[in-house]
Amino acid sequence: MDVERLAELMRAHRPCVVLTGAGISTESGIPDFRSPTGIWARYDPMDYATIDAFLADPEKVWDFYGKRLNVLQEAEPNAGHRALAELEERGWVKAVITQNIDRLHERAGSRALVEVHGSIRTSSCLSCGAVLPFDEVVQLLPVPHCPACGRVLKPDVVMFGELLPAAQIARAEQLAREAGVMLVVGSSLEVYPVAGLPLETLANGGTLAIVNRGSTPFDGRASVLIDGGAGETLAALAERLE
């Protein structure tokens with residue numbers, strides 16, 4: 001019934017903009033960050049995920065990212081990613097804003113994609129500006145050096161202490177303001193400024209729906225709240241919106 005209520009909400013309030021977090025990718029075998037078994041329970045983000053940590057000891061940071069690249073290389077889009085791509089193709093979803101860096105939305109077929117935390121798709125040299133694609137970087141592990149100048153490459157993800165890509169966050173804010181429904185999937189809504197996007201939707205007369213395992217600070221403001229898995233829920237949503 002909750003999925004039916006979500007379908008009714010999307011029929012009544014258009015357009016739908018989706019905001020996804022790590023929870024949509026756990027079903028593809030990619031660990032989340034903030035749960036008791038998540039990445040930050042095992043790795044201190046101040047040691048592995050800040051720009052200062054990278055500049056001080058890039059080899060240590062790549063020991064962390066190298067393990068993640070191997071997981072990401074094997075991961076495949078799941079039913080949740082595929083359902084969102086299908087709903088976009090059929091006109092139900094205007095765009096997907098994602099906090100994820102794993103490329104799974106793109107590989108599932110999403111085209112109107114806003115990656116506010118960057119992507120593991122490429123890594124760049126902070127000295128000469130060379131950019132290498134994912135597959136080439138994997139071949140250079142455990143510590144990928146720039147083939148042009150020799151400096152250790154930086155993954156093109158937003159680390160703590162770095163600004164979000166201006167064009168991407170501006171696009172995300174615009175989409176949030178225009179959304180009839182902001183559908184949050186698999187995000188704890190704790191990391192700002194992205195966690196503030198639902199406020200943009202609500203302030204401009206839109207509605208909020210949340211699909212997530214566990215609570216978020218915005219649960220009390222959601223018109224539909226589903227505590228469940230992204231794959232099963234979104235696949236059922238796609239069926240109901242035939």
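Predicted model: local features only at pLDDT ≥ 70, side-chain atom pairs only at ≥ 80, totals over all residues.
Hi everyone. When I say contact today, I mean heavy atoms within 4.5 Å.

Which residues is leucine 234 in contact with, leaving aside its neighbours within four places in sequence? The list is Ile24, Gly80, Ala83, Leu84, Leu183 and Val185.

Leucine 234 also belongs to the largest nonpolar core, which has 27 residues. Leu234 is one of the members that touch the most other members, together with Leu6, Val18, Leu183, Val185 and Leu237.

As a general point, in soluble globular proteins nonpolar side chains tend to be buried together.

Next, let's visit strand β4, residues 118–124. Is β4 largely enclosed or largely open? Five of its seven residues are buried, so β4 is largely enclosed by the rest of the structure.

β4 has two pairings to look at. With β6 (residues 154–157), β4 pairs in the antiparallel sense over three bridges, and glycine 118 stands opposite valine 157 there. With β5 (residues 131–133), the pairing is again antiparallel, over three bridges. Here threonine 122 has proline 133 as its bridge partner. β4 and β5 form a hairpin with six residues between the strands, and in this hairpin glycine 129 takes a positive phi near 85°.

Now let's step back to the whole chain. How many helices and strands does it have? There are 11 helices and nine strands. The radius of gyration is 18 Å, close to the 18 Å that the globule rule gives for 242 residues, so the chain is as compact as a globular protein of that length. The C-alpha trace spans about 55 × 30 × 30 Å along its principal axes.

Buried residues make up 52% of the 242 residues. Among contacts with a separation of 6 or more, 67% come from residues 24 or more positions apart. Finally, the accessible surface comes to about 10,800 Å², and 50% of that belongs to carbon and sulfur atoms.

Key
Residues numbered from 1 in each chain as written. Heavy atoms only, no water. Buried < 20%, exposed > 50% of the residue type's maximum accessible area, 1.4 Å probe, protein only. Helix = DSSP H or I, 4+ residues; strand = E, 2+ residues; numbered from the N terminus. Pairing = 2+ DSSP bridges. Core = buried A, V, L, I, M, F, W, Y, C linked by side-chain atoms within 4.5 Å. Rg over C-alpha atoms; globule rule 2.2 N^0.38 Å. Areas by Shrake-Rupley, 256 points an atom, 1.4 Å probe, with all protein chains shown as cover.
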